[in-house]
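Here is a short tour of helix packing and salt bridges for you to follow alongside the model. Keep the 3D view open as you read.

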Amino acid sequence: MSTTPLPRVLVCDDEPQILRALQVILRDAGYEAVPASGGEEALDRAAVKPPEAAILDLVLPDIDGVEVTRRLREWSEMPIIVLSAVGEEDEKVRALAAGADDYVTKPFGPPELIARLEAVLRRAKPEASEPTIAADGLDIDLAARSVRRDGEEIHLTPTEFELLRVLARNRGRLMTHSSLLREVWGPAYEDDFQVLRAHVANLRRKIEPPGGPRYIRTDPGVGYRFAA
């Protein structure tokens with residue numbers, strides 16, 4: 001009798017007790033943890049058998065979590081959550097800019113970590129019967145979760161795609177910072193403007209042509225809108 005394999009999650013932390021705790025938390029929630037105690041080991045384990053998601057500590061003994069995130073993003077769109085300690089705000093912003101989907105601040109509770117993991121995995125799944133949206137050379141296939149500009153494919157992380165999906169499905173309508181955070185990340189993020197700014201910047205860098213914003217317009221101090 002065959003059984004469905006558990007979703008595999010790469011976990012990387014150089015503190016043995018935290019690494020053990022992460023493995024227990026994931027196992028109890030129905031995931032298979034793939035442990036690594038350093039950045040290079042994490043990259044090796046991800047390359048041998050790519051996991052469904054990754055949870056990375058920002059401070060590692062060899063290469064930091066930002067660099068691990070950047071190198072994973074060279075070939076993978078898996079959801080990535082970074083673990084940051086209080087006072088590591090700059091590093092957290094760097095990780096988001098490198099392509100991380102979310103962050104959890106230490107110390108954290110198991111329910112919070114699993115809720116964030118399930119949220120990023122949910123954003124990575126395609127939804128059936130979604131339309132294709134075309135806007136001035138940009139084609140967004142919501143069902144296939146693919147984006148092309150002038151026929152050339154653009155690779156987005158799951159969170160970047162979800163942000164674009166929400167904006168595009170409300171094209172022409174002003175989406176406030178708080179409403180975007182609620183829809184894409186959930187109610188707990190309603191005031192986390194830092195994570196929103198980082199992902200909008202990443203998304204613009206990938207989809208906007210040279211010469212200024214064509215698709216995502218800023219309403220200063222209020223929010224963003226997808227050009228009608």
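The sections below cover the basis of the model, a helix pair and several salt bridges.

## About the model

This is a predicted model, in which local features need pLDDT of at least 70, side-chain atom pairs count only at pLDDT 80 or more, and totals for chains, interfaces and linings use all residues. Residues are numbered from 1 along each chain as its sequence is written, and side-chain values use heavy atoms, with hydrogens and water left out.

## Helices α3 and α4

Two packed helices are described by the angle between their axes and the distance between the axes. For helix α3 (residues 65–73) and helix α4 (residues 89–98), the axes come within 9 Å and cross at roughly 5°. That crossing makes α3 roughly parallel to α4 (angles under 35 degrees count as roughly parallel). Helices here are DSSP runs of H or I with at least four residues, and strands are runs of E with at least two, numbered from the N terminus. Axes are lines fitted to C-alpha atoms, for helices over the stretch in contact, with angles running from 0 to 180 degrees between N-to-C directions.

On the α3 side, Val 66, Thr 69, Arg 70 and Arg 73 make the contact, and on the α4 side Glu 91, Arg 94, Ala 95 and Ala 98 (contact means heavy atoms within 4.5 Å).

## Salt bridges

The whole structure has 17 salt bridges, each a side-chain nitrogen of Lys or Arg within 4 Å of a carboxyl oxygen of Asp or Glu. Within helix α4, Arg 94 and Glu 91 lie three residues apart, about one turn of the helix. Their closest N and O atoms are 2.7 Å apart in a salt bridge. Arg 94 is partly exposed at 40% relative accessibility, and Glu 91 is partly exposed at 26% (buried means under 20% relative accessible area, exposed over 50%, partly exposed in between, with a 1.4 Å probe and protein chains only).

Arg 71 pairs with Glu 40 in a salt bridge, with the closest N and O atoms 3.4 Å apart. Arg 71 lies in helix α3 and Glu 40 in helix α2 (residues 39–48), so this pair ties together parts that are 31 residues apart in sequence. Arg 71 is partly exposed at 26%, as is Glu 40 at 33%.

## A buried pair and a network

Asp 102 and Arg 116 form a salt bridge whose closest N and O atoms are 3.6 Å apart. Asp 102 belongs to strand β5 (residues 102–106) and Arg 116 to helix α5 (residues 110–123), so the pair links parts 14 residues apart in sequence. Asp 102 is buried at 2% relative accessibility, and Arg 116 is buried at 14%. Elsewhere on your tour, look for Asp 13, Asp 57 and Lys 106, which are linked in a network of salt bridges.

Technical notes
Parallel < 35°, antiparallel > 145°, perpendicular 65-115°, else oblique.
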